[in-house]
Amino acid sequence: WGVLGPNGCGKTTLLFSILGRQAADAGRIVLGAGVRIGYFDQQLADLEEDLPALEAVRPDGREMVDQQRRDLLARFGITGDLVHQPVGSLSGGERNRTALARLSACQANFLVLDEPTNHLDLWSRGSLETALQEFDGTVLFVSHDRYFLNQVADHLLVAEEGRFRV
């Protein structure tokens, strides 16, 4: 599912409600049994800026040896000395790719992505499109990128003034 709409219309609020980070204004949200959520925050707040990318990419509670983390980062174009740089010193695109690498390692079956294409170059966008098309779980994402929406979304939830429509 892709979510599309103007800034300030409630797209991120919807995601936060689904994630349990904010109470819903009305109704309730119930996730199915066995749902494991992976969340990509457009602000990249889940990445610790002081950690080197090699450490920041490790999902909470998951053991990964250095080579696994290096291989993971390499799939997202983070190689060489970049893996040792603190996340805060990386470019916007490099931080975004590090966050996506971390997300891919979290073993989620429901991905919630808030504007994942921000700061990505064409190669990275194409790789993300392919990864999401091949993902075996459910994906809910917010994007303003019409091409990305057309490539990835099977369904659209369009935010309009005061309502959402399919």
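## Cores, pockets and aromatic pairs

In this predicted model, the count of aromatic pairs comes to two. One of these pairs joins Phe-16 and Tyr-39, and another joins Phe-141 and Phe-148.

**Aromatic pairs**

- Phe-16 and Tyr-39 form an edge-to-face pair, with 6.4 Å from centre to centre and 70° between the planes.
- This pair links distant parts of the chain, since Phe-16 is in helix H1 (residues 11–19) and Tyr-39 is in strand S2, 23 residues apart.
- Phe-16 has a relative accessible area of 23% and is therefore partly exposed.
- Tyr-39 counts as buried because its relative accessibility is 12%, and buried means under 20%.
- Phe-141 and Phe-148 also form an edge-to-face pair, at 5.1 Å centre to centre and with 70° between the planes.
- Phe-141 is buried, with a relative accessible area of 1%, and Phe-148 is buried, with a relative accessible area of 0%.

**Nonpolar cores**

- The largest nonpolar core has 34 residues, and the members that touch the most others are Leu-73, Leu-113, Leu-132 and Phe-141.
- At least two residues of this core come from each of the helices H2 (53–56), H3 (66–75), H4 (92–104), H5 (122–134) and H6 (146–152), and likewise from each of the strands S3 (110–114) and S4 (138–142).
- Helix H4 gives the most to this core, with four residues.
- Beyond its neighbours within four places in sequence, Leu-132 is in contact with Leu-111, Leu-113, Val-139, Phe-148 and Val-152.
- A second, separate core has nine residues, among them Val-3, Tyr-39, Phe-110 and Leu-157.

**The largest pocket**

- The volume of the largest pocket is about 420 Å³.
- This pocket is lined by 19 residues, and those closest to its centre are Phe-76, Leu-100, Leu-103, Ser-104 and Ala-131.
- H4, S3 and H5 each supply at least two residues of the lining of the largest pocket, and H5 gives the most, with six residues.
- By residue type, the lining of the largest pocket consists of 12 nonpolar, four polar and three charged residues.

**The second largest pocket**

- The second largest pocket has a volume of about 330 Å³.
- Of the 20 residues in its lining, Tyr-39, Asp-46, Arg-102, Leu-103 and Cys-106 are the closest to the centre of the second largest pocket.
- Strand S2 (37–40) and H4 each contribute at least two residues to this lining, and S2 provides the largest share, four residues.
- The lining of the second largest pocket divides into 11 nonpolar, three polar and six charged residues.

**Arg-102**

- Arg-102 is in helix H4 and is one of the residues closest to the centre of the second largest pocket.
- Arg-102 counts as buried because its relative accessibility is 18%, and the cut-off for buried is under 20%.
- Leaving aside neighbours within four places in sequence, the residues in contact with Arg-102 are Asp-46, Leu-47, Ala-56, Val-57, Arg-58, Pro-59 and Asp-60.
- Arg-102 and Leu-72 are 30 residues apart in sequence, while their C-alpha atoms are 8.2 Å apart in space.

How values were computed. Residues numbered from 1 in each chain as written. Predicted model: local features only at pLDDT ≥ 70, side-chain atom pairs only at ≥ 80, totals over all residues. Heavy atoms only, no water. Core = buried A, V, L, I, M, F, W, Y, C linked by side-chain atoms within 4.5 Å. Buried < 20%, exposed > 50% of the residue type's maximum accessible area, 1.4 Å probe, protein only. Contact = heavy atoms within 4.5 Å. 1 Å grid on protein atoms, 1.4 Å probe; cavity = no way out; pocket = protein on both sides within 12 Å on 5 of 7 lines; lining within 4 Å. Points joined across faces, edges and corners; volume = space filled by probe spheres on them. Nonpolar A, V, L, I, M, F, W, Y, C, P; charged D, E, K, R; others polar. Phe/Tyr/Trp six-rings, centres within 6.5 Å; stacked < 30°, edge-to-face > 60°.
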